[in-house]
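Subject: Model handover

Hello,

My notes on it follow below.

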Amino acid sequence: MNRLMVKLVIVVLCTLVLGVAISIDAGYVFIKFSRFEYESSLWVTFALIGFIIFIIWLLFTLTGILFEVFGKINPFSSERKQKLGEIGMRELAEGNWSAALKHLKAATKGRQKSLTHYLGAAQAANELGDYEKSNSFIEAACDYAPKAKVAIGLTFGRLLIARQDYDKALAVANELYEDKPNHPLVIKLVYDIYLQQENWLAINRLLPALAKHKLLPENTLAKLEQYVWGSLLKESFTNNKEQPVIAAEQLKKAWDSLPNNARDDLHILETYIQLLCSLGNQHEAEKLLQKSIDKDYRSELVYLYGQIKGNDTGKQISSAERWLNTHSDDAILFLTLGKLCQRAQLWGKAQEYFEKSLQLKRSPEACLELAGYLAQRGETQKSNQLFQESLQQIHRSLYLPSAAKNKLD
């Protein structure tokens with residue numbers, strides 16, 4: 001409100017000054033140029049000049065408006081093509097492939113075209129199955145932005161994966177990887193292709209980079225590592241299972257190639273032990289298990305130790321009994337000792353170890369083992385009781401929710 005009052009005061013003052021000036025002297029202007037003559041008062045001349053300036057300003061304004069309107073409706077104007085590019089990118093995000101391709105293709109012909117228009121058009125054509133047209137947009141993108149090799153390569157690689165053309169995708173990805181071996185998205189692209197090809201050996205080499213750049217969630221990476229390491233061991237076995245000697249060599253080679261944390265992994269160690277036993281190399285499996293248990297005692301490994309039929313069961317029993325010095329509260333260890341003694345036909349010790357295992361934990365397997373032994377001795381009533389208990393525990397573990405099972409255990 002104050003500003004409006006100030007403006008009104010200024011206008012009134014200017015009008016008064018102008019009126020006084022005109023009343024004092026109207027002035028005189030005379031212009032002659034060749035045959036042209038102009039004669040008038042000074043103030044009329046000023047008014048005429050102001051009117052001419054206003055007309056010129058009005059013409060420029062109207063012309064600008066006309067050009068703006070014409071640019072919006074003219075399909076060949078750069079502004080129109082830029083607008084089509086924006087519409088095309090929105091349609092691409094919405095999955096409207098045909099319309100997106102049409103509009104982005106038009107946008108690539110405008111003066112304000114961009115790399116995203118080319119790549120978006122390539123993606124839209126790829127989604128429509130027109131791979132030749134998609135490739136042509138990728139080539140055009142290379143010509144338009146030769147320095148954007150990584151962006152174009154990443155996009156092209158993803159398009160090739162979508163086509164399930166993994167060999168070409170890998171060629172594109174490897175070329176990028178040679179130039180940018182530490183680029184996270186390049187590493188992820190290479191990994192995705194190897195994953196589709198189930199190339200576990202190659203993925204194994206990428207695991208440190210995947211971990212370093214945190215390209216996968218921690219739990220996903222942990223599962224991937226375990227799966228890859230296990231697959232490498234299994235492949236070395238299955239690819240040569242018709243030739244046991246070569247299979248054993250390749251299995252040992254695959255095991256030695258794994259990092260230390262892989263060889264300490266319980267699942268991987270169990271897989272390796274089982275494969276060794278499948279090749280009849282129980283002695284090597286037994287030695288490795290003893291060494292692993294001495295280094296890091298785990299009940300799961302102790303249980304596996306009881307499954308191995310070594311060359312000398314007596315030595316196995318001695319080794320397992322040595323672990324009692326520090327793990328006399330482990331029901332699995334007593335179960336394992338019971339099995340080993342049973343195998344060595346040390347029936348009294350076997351019964352003693354099974355009973356001790358059941359004192360620590362009422363497991364269905366210990367019940368079955370002791371029930372079988374008692375049945376052979378003719379102690380039918382006690383044997384049947386243990387059989388019934390075993391069946392009840394198995395039934396409970398099958399049908400109770402995990403939380404309830406843990407609580408009952």
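Glu175 forms a salt bridge with Lys149, with the closest N and O atoms 3.6 Å apart. A salt bridge here is a side-chain nitrogen of Lys or Arg within 4 Å of a carboxyl oxygen of Asp or Glu. Glu175 lies in helix H8 and Lys149 in helix H7, so the pair ties together parts that are 26 residues apart in sequence. Helices are DSSP runs (H or I, at least four residues), numbered from the N terminus.

This is a predicted model: local features need pLDDT of at least 70, side-chain atom pairs count only at pLDDT 80 or more, and totals for chains, interfaces and linings use all residues. Residues are numbered from 1 along each chain as its sequence is written, and side-chain values use heavy atoms, with hydrogens and water left out.

**Salt bridges**

The count comes to 13 salt bridges. Glu175 is partly exposed at 45% relative accessibility, and Lys149 is partly exposed at 38%. The cut-offs: buried is under 20% relative accessible area, exposed is over 50%, and partly exposed is in between (1.4 Å probe, protein chains only).

Asp294 and Arg322 also meet through their side chains, at 3.3 Å, N to O. Asp294 sits in helix H15 (residues 282-295) and Arg322 in helix H17, so this bridge ties together parts 28 residues apart in sequence. Asp294 is partly exposed at 45%. Arg322 is partly exposed at 40%. Salt bridges that share partners join Lys149, Glu175 and Asp179 into one network.

Lys133 and Asp130 form a salt bridge at 3.8 Å, N to O. Lys133 has a relative accessible area of 30%; Asp130 has 29%.

**Aromatic pairs**

There are six aromatic pairs. Rings of Phe, Tyr and Trp (its six-membered ring) pair if their centres lie within 6.5 Å; planes under 30 degrees apart are stacked, over 60 edge-to-face, the rest tilted. Tyr118 and Tyr144 make a tilted pair, 5.3 Å centre to centre with 40 degrees between the planes. Tyr118 is in helix H5 (residues 115-127) and Tyr144 in helix H6 (residues 131-144), 26 residues apart. Tyr118 is buried at 7%, whereas Tyr144 is partly exposed at 36%.

For Tyr305 and Trp323, the ring centres are 5.2 Å apart and the planes at 70 degrees, so the pair is edge-to-face. Tyr305 lies in helix H16 (residues 299-307) and Trp323 in helix H17 (residues 313-323), so parts 18 residues apart in sequence are tied together. Tyr305 is buried at 0%, and Trp323 is buried at 5%.

The largest nonpolar core has 94 residues, and Leu210 and Leu233 have the most contacts inside it. Such a core is a set of buried Ala, Val, Leu, Ile, Met, Phe, Trp, Tyr and Cys residues joined through side-chain atoms within 4.5 Å. Leaving out residues up to four places away in sequence, Leu210 touches Ile187, Tyr191, Leu215, Leu216, Leu221 and Leu224. Contact means heavy atoms within 4.5 Å.

Helix H9 (residues 184-197) has several buried residues, including Ile187, Tyr191 and Asp192. What covers the buried residues of H9 includes helices H7, H8, H10 and H11. Just after H9, Glu198 takes a positive phi of about 55 degrees.

A search of the whole structure finds zero disulfides (cysteine sulfur atoms within 2.5 Å). Cys277 is partly exposed at 23%; Cys341 is buried at 0%.

Regards

How values were computed
Helices (H or I, at least four residues) and strands (E, at least two) are DSSP runs, numbered from the N terminus.
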